[in-house]
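Student: I have a structure to study. Can you take me through it with questions and answers?

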Amino acid sequence: MHDELVDHLTRSTALGRGEALRVIQDVLAYFDETTEEYVRRRHRELQAQGLVNTAIFERIEADLKYRAVAPPELSLRQLRRIVYG
């Protein structure tokens with residue numbers, strides 16, 4: 001699985017094959033999170049940092065543009081619905 005990427009990482013870093021494969025699997029698992037799961041997780045994390053919803057939803061809206069596979073743009077209202085139903 002992902003042999004070409006594993007080969008690239010072992011050539012361009014100090015990682016061994018097993019380590020490179022683990023890194024790839026971790027990254028893929030991170031980006032496997034759905035948009036809804038990401039929004040809910042980030043909301044909890046930012047809320048735990050003491051941010052208020054206005055700032056939280058603006059931050060999430062901005063962050064979504066930089067996900068590996070950018071989801072469709074979501075309005076602040078859509079983000080709230082993901083969290084609160």
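Tutor: Start with one term: contact means heavy atoms within 4.5 Å. This is a predicted model, where local features need pLDDT of at least 70, side-chain atom pairs count only at pLDDT 80 or more, and totals for chains, interfaces and linings use all residues. Residues are numbered from 1 along each chain as its sequence is written, and side-chain values use heavy atoms, with hydrogens and water left out.

Student: Which residues is Leu74 in contact with, leaving aside neighbours within four places in sequence?
Tutor: Skip the neighbours within four places in sequence. What remains for Leu74 is Thr35, Glu61, Leu64, Leu79 and Ile82.

Student: How many helices and strands does the chain have?
Tutor: Helices (H or I, at least four residues) and strands (E, at least two) are DSSP runs, numbered from the N terminus. From that end, the elements run α-α-α-α-α. The count is 5 helices and 0 strands.

Student: Is the chain compact or spread out, and why?
Tutor: The radius of gyration is taken over C-alpha atoms, and the globule rule is 2.2 Å times the number of residues to the power 0.38. For 85 residues the rule gives 12 Å, but the chain has 17 Å, well over that, so the chain is more spread out than a compact globule. The C-alpha trace spans, along its principal axes, about 45 × 25 × 20 Å.

Student: What percentage of the residues is buried?
Tutor: Buried means under 20% relative accessible area, exposed over 50%, and partly exposed in between (1.4 Å probe, protein chains only). Of the 85 residues in the chain, the buried part is 24%.

Student: Is His43 buried or exposed?
Tutor: His43 sits in helix α3 (residues 35-48). Not counting residues up to four places away in sequence, His43 touches Asn53, Ile56, Phe57, Ile60, Val83 and Tyr84. Its relative accessible area is 3%, so His43 is buried.

Student: What distance separates the C-alpha atoms of His43 and Phe57?
Tutor: Along the chain, His43 and Phe57 are 14 residues apart. Their C-alpha atoms are separated by 7.6 Å.

Student: What is the relative accessible area of Ala20?
Tutor: Ala20 lies in helix α2 (residues 17-31). Leaving aside neighbours within four places in sequence, Ala20 is in contact with Val6, Leu9, Thr10 and Leu15. Ala20 is buried, with a relative accessible area of 0%.

Student: What separates the C-alpha atoms of Ala20 and Arg41?
Tutor: These two residues are 21 residues apart along the chain. The separation of the C-alpha atoms of Ala20 and Arg41 is 27 Å.

Student: Which residues does Thr35 touch, not counting those up to four places away in sequence?
Tutor: Thr35 belongs to helix α3. Its relative accessible area is 22%, so Thr35 is partly exposed. The residues that Thr35 touches, with those up to four places away not counted, are Leu64, Pro71 and Leu74.
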